[in-house]
Structure formats: structure tokens, C-alpha cells
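Here is a briefing on one structure. Please look over the sequence and the model before reading the points that follow.

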Amino acid sequence: MIRHLWPLYRPHLGWLLGGAALGLLTLLANVGLLALSGWFLTAMAAAGLGGAAINYFTPAAIIRGLAMLRTAGRYGERVITHEATFRLIAQLRVWLYERLEPLAPAALEDQHSGELLNRLQKDIDRLDAIWLRILMPMLIATVAVTLFTLFAARTSGLLALVLLALLLTGGLLLPLWVARRSRLAGPALVARTGQLRARVIDGIEGLGELLVFGADARQAETIAHVDQALRETQSRLEGPRLLVDAVQGMLAQAAVLAALLIAIPLLRAGEIAPPELAMLVLFALAVFEAVTPLPAAFGQIAETAEAARRLFALAEREPPIHEPAQPRPLPPPGAIRFEGVSLHYAPELPPALHEIDLTLPVGSLTLVRGESGAGKSSLIHLLLRFREPSAGRITHAGIDLREHAAEDWRTRIALVSQHTELIAGTLRENLLLGRPDADTRQLDAACEQARILDFVRSLPDGYDTWIGETGMRLSGGQARRIAIARALLRDAPILLLDEPTEGLDLATEREVIAALRPLLEGRTVLLVSHRALDLGTPDQVLTLTAGRLRQTPHPGNTP
Amino acid sequence: MKPDDHRAAEAWLRERRHDIAPLARRQRLIAALLGVLVVLQAWVLARIIDQAAFAGAGLNALAPLLVAWVPLLLLRGGLAWTGDRLAWRAAQQVRSQLRRELFDHLRRSGPYPLRERPTGELGNVLVDAVEAIGPYFAHYLPARLLMTLVPPLILLAVWPADWLSGLILLLTAPLVPLFMALIGQAAQRASQRQWRQLSRMGGHFLDVLRHLPLLKAFNASRRETARIAQTAEAFRRRTMQVLRLAFLSSAVLEFLAAISIALVAVLVGFRLLDGEMAFFHGLFVLLLAPEFYLPLRRYGAQNHARMEAIAAAEQILEVLALPAAAPAATSSQVALRHGALELRDLHFTHPGGDTALAGLDLRIEPGEHLAIVGPSGAGKSTLLLLLLGFIPPESGEIRLAGAPLEAAHLAAWRRRIGWVPQRPHLFPGTLRENIALGCPDAPTETVREAAQAAGILDFIEALPEGFETPIGEGGRGLSGGQRQRIALARALLHRPDWLLLDEPTAHLDPDSERAFVAALRNLRGRVGIVHVAHRLETLHEADRIVVMQGGRVTDSGDWQTLCSRPGPFRDLLEAPA
């Protein structure tokens with residue numbers, strides 16, 4: 001983990017350490033302010049009583065100076081360390097993306113559900129704690145406690161030892177105890193939250209059934225039950241933290257008592273003057289500020305390390321395909337042939353595809369039918385070279401696809417898929433995926449053909465309309481037609497249609513099919529669908545059942 | 001997010017304190033005691049130092065005061081701990097109760113108002129938003145309580161000792177909330193301006209990862225690296241803009257506190273020098289000055305907990321504002337008579353203004369297999385929603401066996417119906433638990449009969465664990481046809497008089513569709529079936545086909561009759577693609 005983190009942190013080390021230095025300065029100013037105020041007051045009173053002269057300008061000026069230094073130091077420390085940390089996190093995103101990109105989608109398949117991606121996002125954000133909330137407080141506390149102990153030792157070795165013992169109890173022993181408790185309860189908390197989310201989502205998705213079948217009250221009880229379990233786990237985590245907070249406060253008060261017990265005899269013995277007594281007592285009270293953030297810092301170690309571990313484990317996965325050392329240039333379009341192709345996702349699972357033989361002649365329309373889970377998506381992934389066959393080979397114009405660079409091969413393919421595959425961004429950005437250099441005239445032409453141009457023109461921002469989660473929501477039919485326009489712009493000889501009308505109602509389905517027609521012209525088309533679509537007569541119809549492909553005898557005569 | 005919404009959300013959050021009134025009372029008492037303790041401690045400490053420094057008192061002479069320090073520190077620590085624990089318990093109670101209320105509200109609203117909300121988002125409200133209001137009760141409100149109680153107590157103690165210091169504290173104290181409010185508003189405006197962009201940029205990385213397969217298929221995934229870097233950088237810059245304001249606000253707060261304390265120290269010092277003031281009083285005031293500002297600073301530091309809770313409360317309020325379809329309590333004990341179902345002049349308009357039903361009249365006989373067809377938007381699904389009690393009719397009525405079906409009879413009516421939706425939801429658990437959703441205590445034999453009638457028994461019994469086979473999340477491992485027939489078994493086990501089917505074969509391949517239709521055929525005459533159909537091939541079995549258009553019935557008859565004459569049904573059959 002440090003192997004990965006060090007190169008990321010090194011360029012920012014100067015700023016991070018500078019920020020920490022400011023943090024230390026702030027802390028010292030704070031303690032100094034209180035201690036000096038006590039000294040100043042007592043000295044002034046002593047001078048007043050004794051009628052002696054005193055230089056009060058210097059301490060008064062220092063007091064004012066420390067007050068300002070404290071404020072400025074805190075502000076500067078926060079700005080600098082946050083700035084440096086966020087720069088680092090921004091770089092980390094790019095770093096991580098560069099590592100995840102070759103893995104997608106095959107090696108990231110188990111990460112596909114939104115929950116796991118969300119966790120990834122949170123894991124990245126969590127790494128800001130490494131410096132801000134863990135290392136820096138520890139660093140500052142270590143230096144500060146050393147300085148404070150040395151300062152106390154100038155007056156009394158005993159006082160220094162007692163203070164050190166109290167600071168170590170509050171800053172090390174108690175935090176370690178909290179850390180151990182949270183290491184145990186932390187994973188349980190994640191698990192409980194996950195369970196609660198699953199039950200809640202179940203209750204929402206199945207709400208209709210729960211109500212009609214009178215099972216909604218039972219679901220409410222189940223949710224309350226899991227909620228209760230979450231409460232108990234949270235309390236197990238929070239309990240020690242609350243206790244340690246209170247104990248730290250008491251330790252500071254105990255330090256005051258210790259300072260009094262040690263310094264008063266020293267005063268009586270004439271070893272220190274009255275102003276020093278006041279200074280030492282207030283000093284003892286103030287130094288605990290150095291260790292206050294430590295329980296939280298120790299408490300976060302396990303969680304943060306776990307987040308970092310997950311991220312780096314993900315980044316170190318094996319890519320699912322191997323690029324050829326000497327990629328062959330693409331031949332002119334030819335037939336695509338699956339020759340005994342099998343695909344295993346894992347040894348213990350049945351094969352996703354089993355000895356597939358299939359030929360897609362140039363310009364033909366092939367329909368592969370099958371229920372969800374039959375292996376249709378695997379077929380598409382193999383053609384896109386997202387994965388490699390576990391056995392057999394796929395050739396194009398007689399050349400094994402593995403001999404081409406994957407990106408070269410994909411220039412030949414356009415895809416329209418069932419998933420609402422629009423990225424968050426403007427309409428234009430979504431369309432330009434198909435052809436990055438397309439001009440507005442070409443966009444218009446593609447949208448016209450996909451029967452979406454009128455809609456685009458009706459938008460106030462036209463192609464610059466923001467779509468996706470935080471933008472405008474498109475209907476299923478509109479989204480599908482945008483995807484078709486994108487595929488048209490792509491203008492590739494091979495077209496993959498993955499359930500292109502899934503989830504649309506009858507009328508919309510018809511519109512989408514009408515929009516699809518121009519796209520089929522002169523292309524080699526593989527249409528994957530659980531039922532026949534009115535896209536013209538396929539040249540061949542095959543059925544995929546549990547990874548096995550069989551020819552359907554009478555093409556064109558589909559139910 | 002308008003300021004008004006903020007205010008309403010915060011008012012609502014404060015209202016929740018009524019749920020924890022007994023805890024809140026104890027918290028107030030503890031906060032007041034803590035204030036008294038702070039003053040007492042300062043008094044004892046000032047006395048000890050004064051005596052030791054200027055009266056030459058030794059440990060023996062000071063023993064009573066030094067010993068008193070111990071119970072004081074234990075009491076202060078113990079009270080602080082108790083207060084924190086009470087606040088934590090309050091937060092826990094509020095969260096649990098709120099989560100229950102939210103789900104109960106969803107039970108009343110039913111699925112109809114949820115149809116356009118992504119499930120995940122709604123789930124986040126019930127899980128994350130509810131959690132996010134915890135800190136408001138655990139940290140923000142206690143800090144606020146201490147701020148309102150402790151500084152006045154300290155002021156009360158300082159005033160008799162030194163009115164000038166008291167005056168400084170009194171004058172600067174209102175500046176703290178004032179400056180905070182000013183800067184807080186500026187920060188809020190800034191973050192509101194940037195909220196949209198921030199959330200867009202924050203989501204960008206996630207969105208790109210989610211769509212990596214697509215980007216890769218279009219060879220755009222490597223190009224995206226530059227955009228990721230740009231967005232991440234812009235995100236950082238804007239986040240820092242907001243943060244800088246937040247840091248500035250706390251810096252101003254600290255500055256005010258630090259300068260006032262320094263001012264108190266210096267002014268007290270000079271009067272001590274001139275002999276105008278007793279040292280004990282001066283030290284007492286100096287010790288209390290930081291304690292005066294501490295609750296104010298702590299309160300300022302909790303402001304983010306408040307802002308986050310308010311944002312969460314807004315989401316929660318949005319869910320709680322979903323219209324309820326059903327009354328809070330309906331009795332399932334009402335005896336409903338069995339007889340024909342009559343729909344009279346039903347009207348319904350969707351919230352967007354689309355008319356779904358415009359005077360629907362329909363009579364369905366017990367045991368009849370009725371199919372409903374029509375173009376999308378004709379009101380077929382709306383009709384089912386009405387029959388399921390998920391929406392109330394705007395006007396018109398539903399009558400059962402001649403008596404109007406009232407909202408209060410909803411639970412009883414639902415015991416009489418079975419439902420198979422387009423995509424039935426399967427719950428984690430065993431096959432048996434899923435089939436027996438409506439009657440968890442059903443004997444094995446009954447469950448088998450239902451499975452048999454739904455045509456799924458052979459499949460289940462061929463499984464090694466049979467009915468006890470666990471179902472994966474969302475029914476993973478089962479085909480669409482199997483899921484649909486499990487849902488049919490679930491509906492049949494409910495022993496319905498009426499079976500409501502909402503395009504149950506829309507997502508099935510032809511083989512599964514045939515198996516499902518065969519299962520329906522066996523129910524003929526025993527159960528009234530209202531079958532909303534997507535594709536017409538499945539309807540040869542129906543006793544009667546009703547064609548709906550524009551929210552009303554435009555034709556009806558059996559397959560033969562409708563096919564033999566020109567009309568809306570023939571139009572549907574021959575509709576050009």
C-alpha cells in the first residue's frame with residue numbers, strides 16, 4: 001500500500017509538511033497564549049502589590065501577537081493542507097482511471113452494481129483522511145508533546161514526567177483502545193448498513209406485491225429489526241469514543257491538579273516565583289489540546305487502510321485480454337467466424353458459452369434469440385474483444401481477432417444496446433462518442449435518420465443540453481434514438497444490436513425500429529434479442545440456450 | 001433549494017425533538033449543571049493560586065480546596081459523558097423512528113407515486129439521509145444547548161467579579177453569531193451557486209466508470225482520461241472555494257475569541273498593576289474568558305452537521321410529501337360478497353395532466369377470463385392500478401356484487417385478488433417463502449397445489465433442495481418464465497376470486513410465454529381473470545376481449561367476433577410497424 005501511496009504523496013510533501021508546521025505553530029501559540037496570560041496577570045499583580053516597576057509592553061504585545069498568530073496559523077494550515085490533499089486526490093482519480101480502463105469491463109464485472117461503484121467513489125474520498133486526519137495530527141502531537149515535556153522539565157523533572165504520562169494515556173493508550181474497538185465493529189457496521197439497504201430496496205421494489213399480498217407489515221418489521229441491529233453496532237462503535245472524550249477532559253483537569261501539587265512546594269521553597277506557578281498550571285491545562293484529535297485519528301486507521309487496500313487491489317488486477325506485440329493491420333471487411341468458441345467466467349461455474357460455431361457473412365442479418373442469462377451478452381463481449389475465448393477462436397476475413405490491436409478492431413463496430421447507455425454530459429458529447437470529429441451538419445444528418453432531430457431542435461440548448469443524472473431525463477425511446485444516431489455517426493461495417501427495444505412499450509418500440517432501419521443498410525448485423533423484431537427477414541436465426549447455440553430451422557417464420 | 005425550503009426543513013427537524021422530549025429535558029439539566037461546574041472550578045483554581053502565590057499557603061493549608069478539585073473533575077467528566085450519551089441515544093431514537101415512518105408512508109403511498117423515482121435514490125433516502133440527520137441531534141443540538149446556557153451563566157459569574165471584563169464578553173458575544181451568520185450566508189450562497197456543478201463533477205468519475213463498456217466499445221475510454229483530469233481539477237478548485245469560505249468563517253470566530261481574551265487579560269493586568277483589582281478576581285475572570293467562547297466556537301464547528309442534516313431533511317420531506325393512496329388503517333375483517341365487478345364511469349388523470357381514464361364502464365363476471373388490449377396510453381395499466389387500490393379514482397366507482405368498494409375495504413379487497421405484474425419481485429429467501437408471501441403459514445400441500453396450477457411444480461421438484469431452494473438477489477438463477485410462473489403460484493396460493501395480470505408475458509421468449517398461457521388455461525372458470533395484454537397472440541383463450549382507447553372501452557367481443565369485423569381490434573392486429 002505504501003508502495004502505491006508514496007509516489008502519490010511525494011510531490012506534495014513540501015506543502016503537506018508546511019501545513020503541518022503551521023498547525024504546530026497554531027497549537028504552540030494557543031498554549032503560549034494561555035500560559036503567558038497567567039504569568040502576565042500574576043506578575044502584574046505582584047508588581048502592583050510590591051510597587052515594583054515591570055516591563056509590561058513586551059508580554060502584552062506577545063499576548064496580542066499570539067492571539068493573531070493562532071488565528072492566522074489555523075486558517076493557513078487548513079487552506080494549505082486541504083489544497084495539497086485535494087490535488088493529490090484529483091491525481092489519484094486519474095491514476096486509478098488509467099489502471100481501471102484496461103480492466104473494463106470483464107475484470108470489473110463484479111464491481112458493476114452501483115453499490116460497489118459507489119463504494120469505490122467513497123473509498124477515494126476517504127483517502128483524504130490519511131494526511132488530514134491521521135498522519136498530520138499524529139505528527140503535530142508527537143512534536144508538540146516532546147516540546148511541552150522539555151518545557152516542563154526546565155522547571156521540574158517530576159512535573160514533566162507526570163504530564164508526559166497523562167498525555168500518553170490520553171493520546172496513545174486510550175486512542176489505541178478506541179482503534180481496537182472500532183477495528184472489530186467497523187466491518188460489522190458496513191455489513192449491517194448493507195443489509196439494511198438490501199431490505200429497504202426489497203421493500204421498495206416489491207412494494208406492490210407486499211401490499212397486495214398483505215406482507216407489507218412483515219417487511220416493515222424486518223426493516224425495523226435490521227435497523228435495530230445497525231443501531232446496536234453503531235453504539236458499540238460510538239460508546240468508547242464518547243467515553244474517551246470525557247476521560248480526556250478529566251485527564252486535563254488531573255494535569256492541573258498535578259501541576260498544583262508539584263509547583264506549590266517549589267514556590268514555597270523559593271525555586272519558582274508566583275507568576276511561574278500560574279503559568280505552569282494554565283500550561284498543564286492547555287497542553288491537552290495536542291492530543292484531543294488523536295482518538296479520532298487512531299479510530300480511522302483501520303477504515304482508511306481498508307479503503308486504500310480495496311482500491312489498490314482493484315488496480316492490480318490482471319487485464320482480461322492481451323494485446324499482440326505486433327498488431328496486424330485490419331484486412332478489408334470479411335466474414336466473421338466463431339470456431340468452437342467457449343467462454344468460462346470461473347472454473348466452478350458452467351460455461352457461459354459452449355463450443356459456439358457461427359458465421360456472420362458480410363452484409364448479413366443474424367438474429368440470436370435467448371432468455372436473459374443464456375449467454376447473449378457474452379457473445380457481444382467477445383465480438384467487442386472485451387474478453388477472450390477460453391477455447392476456440394473468432395476470425396475476421398480468416399484472421400484471428402487476437403492478432404489485431406483491440407482498439408483497431410473496434411473501429412469496425414457500432415453498438416446499440418438495451419442499457420440506457422448515455423453518459424452524463426451534453427447531447428453533443430454523447431453523439432460525438434460515435435465520431436469525435438463530426439461537425440453539426442453530420443450530427444444533424446444522423447439525428448434526422450434516427451428520427452430524433454425534431455426533438456433536439458425543440459430543446460432550448462439543442463445539442464448542448466445536459467443529459468444524465470443531473471441533467472434532463474430522456475424517455476426510453478429518446479435515449480434509444482440518440483444511441484442509434486451515435487451508431488450512425490460511427491459508420492462502421494459491423495453493427496451489434498443488444499436488445500435494442502428492451503423495456504420500451506409497443507408504440508415506442510415501433511418508432512425505434514423505424515429509426516433502426518437505415519442503420520442496417522449494407523452492414524453485417526448481429527441482433528441479439530429474446531424475441532424476433534420486425535427488422536426485416538434475418539438471413540439466419542439461432543437460439544442460445546444456456547450457452548449452447550442451435551440453428552432455428554425456418555428463418556423468417558418466427559413466432 | 002430555496003432558503004424557504006431550508007427553513008421549512010430545519011423547522012421540521014426541530015419538531016422531531018418532541019419525539020425525544022424526556023431525553024431533551026435531561027440534556028438541558030446536564031448542560032446547566034456543566035455551566036455551574038465550570039464556574040465552580042474556575043473559582044476553586046483561582047482561589048488556590050491566589051492563596052499559594054500571595055498568601056504563602058502551602059499544600060496543607062490548601063488541602064480542602066485541592067481535595068475538592070477531585071470530585072469536581074469527576075463530576076464534570078461524568079456529566080459531559082452522560083450528556084453525550086443522552087444526545088447519542090436521542091439521535092438513535094430519531095433515526096429509527098424516522099425510518100419506520102418513512103417506510104410506513106411508502107406503504108400508504110403504494111408504488112404509484114414512486115414510479116418515476118429510481119429505486120436506488122429512494123433507498124438512499126431511507127438509509128443514508130436518515131443516517132445523515134443523526135449528527136444534528138448527537139452534536140449540533142447539544143452544542144446549541146450549551147451555547148445558550150453556559151455563556152450566560154459565566155457572564156453572571158464574571159459580572160460581580162469585574163464588570164468591565166463582563167462588558168467585553170457581553171459586547172463581543174453577539175458579534176460571534178452575527179459574523180457567523182453573515183459568512184455562513186455567503187458560504188451558503190456560494191455553495192448553492194456551485195451545488196449543481198459540484199454534484200455534476202462529483203458524479204462524473206462514477207458515471208465514466210459505469211459507462212466504461214460503452215466508452216470502450218467506441219474506443220473513447222482512453223480519450224476520457226484527459227476529461228477525468230480536467231473535471232477532477234475543476235472539482236478541487238471549486239471545492240476549495242467553498243471550503244475557504246468555511247475556514248474563513250471559523251477563523252473570524254477564533255479571532256474574535258482570541259482578541260477578546262487578550263483584551264480581557266491586558267485590561268485586567270493593568271488594573272492589577274495599579275492595584276485597582278484583587279488578583280483573585282482577575283484570575284477568576286481570565287480562567288472563565290476562554291470557557292465563555294468555547295461553546296460558541298464548538299457551535300460554529302457543528303454548523304456543517306446542521307447543513308448536512310437540513311439537506312437530508314429536504315430529501316426526507318420530499319418522500320413524506322408523496323400522496324397517500326390508502327387511508328392509514330383499513331380493516332381486512334370486512335366480509336365482502338362475491339359477485340360481478342362493475343366499473344362505473346371511472347376517470348383518472350396522471351399528475352402530469354395526461355388523461356388515463358375518461359369515463360370507463362366495464363362489467364366483469366365472476367370466473368370470466370377478460371383480456372384488455374389497446375395502444376399504449378389507452379389506460380389499461382391505470383385500470384389495473386385502480387383495481388389494485390394503488391390509486392383512487394378521480395370520479396366514478398368500483399362496485400363488487402352490487403355494493404360500492406370503499407377505500408376502507410381495501411385490505412379485505414386485496415385478500416380477494418391475486419396479481420402478476422410485468423416484472424414480479426422475488427424476495428431473498430426460499431422458493432417456498434416467495435410463493436407463500438401472502439400466507440406464510442400455508443401447509444406444504446397447499447403450496448404444492450399452487451405451484452402445480454402455475455405449471456412450475458415439476459421445475460421446483462427437480463431442484464435438489466426443492467421448495468427450500470434459496471433465491472438469489474432479484475431471482476438470479478431463474479429464467480424470466482420461471483419467475484413469472486412463481487409469481488403466478490404466489491397469486492394462486494392467495495386463493496383469489498380475481499386474478500389481475502399486467503402484461504405478464506411482455507419480457508418472455510415465445511416458449512415461456514406458451515407455458516404461462518397454458519397455466520392460465522387451467523384456471524378457466526374458477527377464477528375471474530383481468531388480463532392486460534401487450535401482444536395479441538396470447539388472447540385466443542380469453543372469454544372476452546375488451547379494446548381500450550383514450551381511456552374508455554371502444555369495442556369488445558371474443559377473438560372470432562373481433563377478428564371477423566373491421567374495428568379497432570383489427571386495426572391493432574394489422575397495425576403497421
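The centres of domain 2 and domain 3 of chain B are 56 Å apart, taken over C-alpha atoms. Domain bounds come from an automatic or database domain assignment. This is a predicted model, in which local features need pLDDT of at least 70, side-chain atom pairs count only at pLDDT 80 or more, and totals for chains, interfaces and linings use all residues. Residues are numbered from 1 along each chain as its sequence is written, while chains are lettered from A and ligands numbered from 1 in the order in which they are written.

**Domains**
- Chain B splits into domain 1 (1–161 + 302–324), domain 2 (163–276) and domain 3 (341–573).

**Interface**
- On chain A, 113 residues contact 112 residues of chain B. Contact means C-beta atoms, placed from the backbone, within 7 Å.
- Helix α8 (residues 216–268) of chain A gives the largest share of the chain A side, 25 residues. Helices (H or I, at least four residues) and strands (E, at least two) are DSSP runs, numbered from the N terminus.
- The chain A side holds 61 nonpolar, 22 polar and 30 charged residues. Here Ala, Val, Leu, Ile, Met, Phe, Trp, Tyr, Cys and Pro count as nonpolar, Asp, Glu, Lys and Arg as charged, and the others, Gly among them, as polar.

**Core**
- The largest nonpolar core has 328 residues, and A:A255 and A:V281 touch the most other members. Such a core is a set of buried Ala, Val, Leu, Ile, Met, Phe, Trp, Tyr and Cys residues joined through C-beta atoms within 7 Å.
- Helix α2 (residues 13–50) of chain A supplies the largest share of this core, 18 residues.
- Leaving out residues up to four places away in sequence, A:A255 touches A:L163, A:L166, A:A284, A:L285 and A:F288.

**Sheet**
- Four strands of chain A form an open antiparallel sheet in the order β2-β1-β4-β5. Pairing requires at least two DSSP bridges between two strands.
- Its edge strands are β2 (353–360) and β5 (399–400) of chain A.
- β1 (residues 336–343) and β4 (residues 391–396) of chain A pair over five bridges. A:F338 stands opposite A:I394 in β4(A).

**Positive phi**
- A:E355 has a positive phi of about 45 degrees although it is not a glycine. A:E355 sits in strand β2 of chain A.
- A:E355 is partly exposed because 15 C-beta neighbours lie inside 10 Å. Buried means 20 or more other C-beta atoms within 10 Å, exposed 12 or fewer, and partly exposed in between, with C-beta atoms placed from the backbone.
- A:E499 also shows a positive phi of about 45 degrees without being a glycine. A:E499 is buried, with 20 other C-beta atoms within 10 Å.

Terms used: Two residues are in contact if their C-beta atoms, placed from the backbone, lie within 7 Å.
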